[in-house]
Amino acid sequence: MAASRYLSCIVVFYAVVALAACLDNGLALTPPMGWSSWNHFHRNINESLYYETAQVMIDSGMQAVGYKYVNFDGGWWKGHDTGHAVRNSSGYLQYDEKEFSKGMKALGDFYHSKGLLFGHYTDSGTHYCNGDKPASQGYEKQDAALFISWGIDMVKVDACGSTVKPETVIKLWESLLNASGRPVLFSNCHNGCMLQAGRASWAPWCANYSNMWRSSVDIGSAWNRIMNNLDTLAGNGDKGMPGRWNDPDFLEVGNAPLTENENRAHFSLWCVTSAPLIAGNDLRNMTKEVRDILTNKDAIKVNQEYAGNAGDRLYQNGPAEIWAKPLPDASDLADAKSFGVVFFNRNGTNSIDIELQFTQLNMTASTQCAVFDIWAQKQMPHASGFIKQVVPTNDVAFLRLSECQHMVG
């Protein structure tokens, strides 16, 4: 992507607010952060998992750095994996009382008492992804009302069984959530809006009626699947902004068979592209190494800040890639600029040198920047005109460039 295009999408604040207000929920002004059960547990879920995970989010320091949504996914309904999702005579879907004996309302109340938020899940179609039916198609009013009665704060609406035009489905859910009077973050999963090569269906309505939309097919912990989802963000940094974000799917950090390098690279790339940071591992048994990656305050800060573009791929040459995101500059220096920059060695067989010329960021060759290494947690010498990093295979260098100014003479 040309540097000029990368830096050209500067969005003024009042326009951002106007777009976010389409949902009338005032949410996701920064990329959402939390945890979801799906990537690690799939439909093998029970009440203890959600109570225990919420407590670990607090005790591990995750809540303190911004993680707050605790999200359900598939398999919570009565009759799961039988082909028949049980609804009562009024059409209200029933939860599995054997696995959730205290009930959904009690679980939501527990989260709220801890300062956390409650996320839930359904499918917009006639059946769920595992074939259980009926799903939400034709029962949208009941399902929205049910979720609101439980006190949910986020809902992910999937599309495995959908037979209705995506825009129609998403507008219906948006109107039901708006009418409820409860602020509910709306996550659109595959109801149109994809950015995947060969399946692209994104249109402006995607951003007007949901807070986040899946850009890709489902992720997995295999490295090539994470790379596939990352690629859907290339060239699309101009679509994400406060209230509306590209979602390349939830994090696999901490899930086998990822290495430490791959966990670090995966998290860095999601941070520099403003992707939602929804952890998907078993928090109760994560290593210190994984916890330290998920709670790196400086990496998260890059993810949560916004200055006109959500982040994009700036350069690619073989295994060498550079992803960058403009950031607000906190200094008092006139016309100073800041950036988050990820130098990425993608599937290289050896460590490689990756060089960023500051002209690629629409700065002059005489620009000087302060440099902070996010993973080494140390200030580096100032860089003038360019910066070079040696990057191991499937790993990154993640830098924050700040106080960038053209130097005269």
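Reader: Hi! How many aromatic pairs does the structure hold?
Author: The structure holds 19 of them. Rings of Phe, Tyr and Trp (its six-membered ring) pair if their centres lie within 6.5 Å; planes under 30 degrees apart are stacked, over 60 edge-to-face, and the rest tilted. The model is predicted, with pLDDT of at least 70 needed for local features and 80 or more for side-chain atom pairs, while totals for chains, interfaces and linings use all residues. Residues are numbered from 1 along each chain as its sequence is written, and side-chain values use heavy atoms, leaving out hydrogens and water.

Reader: What about Tyr50 and Phe100, how are they arranged?
Author: Tyr50 and Phe100 make a tilted pair, 6.1 Å centre to centre with 45° between the planes. Tyr50 counts as buried because its relative accessibility is 0%, and Phe100 is buried too, at 2%.

Reader: Which residues form the aromatic cluster?
Author: Trp35, Phe41, Tyr50, Tyr51, Phe72, Phe100, Phe110, Tyr111 and Phe118 form one cluster.

Reader: New topic: which ring does the charged end of Lys102 sit over?
Author: That of Tyr51, 4.8 Å from its centre. A charge sits over a ring if NZ of Lys or CZ of Arg is within 6 Å of the ring centre and within 35 degrees of the ring normal. Arg87 lies over the face of Tyr139, 4.1 Å from the ring centre.

Methods:
Buried means under 20% relative accessible area, exposed over 50%, partly exposed in between (1.4 Å probe, protein chains only).
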